[in-house]
Amino acid sequence: MSVTVHQLAVGGFDHNFSYLAVAANGDALLVDPTGDAEVICRAVEAAGSITPRYILLTHGHLDHTQAVGEALGFFPAEVVAHPNHPLAGRTRLRDGQLLPFGETAVEAIFTPGHTRDSVCYRFADDSAVFTGDVLFVGCIGFCRSKEMYNSLMKKILPLADSLVVYSGHDYGPVPFRTLGEEKKLNPYLNCHSLEEFKAELQHLE
Ligand SMILES: [Fe+2]
């Protein structure tokens, strides 16, 4: 695989995950630096000679951004987020935008529903997708039902089965699994109408 993803259990408000991804050429990015910044710093140090390229933020909830300030100290990179995100950097991100990264690229996929500024980030080589609080292993985040249903059906379901889904919290029976498995096992990806989806939402804790 051309990109190595490190899933970091950083604690935070509720079993949060941050991520460090490193491409073969040394390009590196962080996703949602939060919780224990020491854990992230150690992972960055252990990665050796890398080039910090991006800090990708999946949405504006504070439990996903607590360590951004600290991270910028040891990982000086461009902050990338939805234009409405309070920490959005100089790049005015567009839906579908491709950010060069290693031998591949990162695609920003706007997926409103959990929040209006929710973005999923997919590696264009179809190796991984960072879903924040849109899609968890076996579950989804709290949401406005119609927007979330549209995002899941139109933006997430068409993506490749090979993608490893890396979400914002450790809520599932396993910390990650492929989108192909989610398509089979996640009840929220198996609703055939908005009404069915709304009924399923009543099971969200
Ligand atoms: Fe959230």
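Two strands are taken to pair if DSSP finds at least two bridges between them, and strands (E, at least two residues), like helices (H or I, at least four), are DSSP runs numbered from the N terminus. The model is predicted, so that local features need pLDDT of at least 70 and side-chain atom pairs count only at pLDDT 80 or more, while totals for chains, interfaces and linings use all residues. Residues are numbered from 1 along each chain as its sequence is written, and side-chain values use heavy atoms, with hydrogens and water left out.

**The hairpin**

Strand 6 and strand 7 form a hairpin with two residues between them, and in the turn G102 has a positive phi of about 55°. The two strands run antiparallel and are joined by four bridges; L99 has V106 in strand 7 as its bridge partner. In a regular strand the side chains alternate between the two faces of the sheet.

| Residue | Phi | Loop |
|---|---|---|
| D32 | about 45° | between strand 3 (27–31) and helix 1 (37–46) |
| D126 | about 60° | between strand 8 (119–123) and strand 9 (128–132) |

D32 is buried, with a relative accessible area of 2%, while D126 counts as partly exposed at 24% relative accessibility.

How values were computed
Buried < 20%, exposed > 50% of the residue type's maximum accessible area, 1.4 Å probe, protein only.
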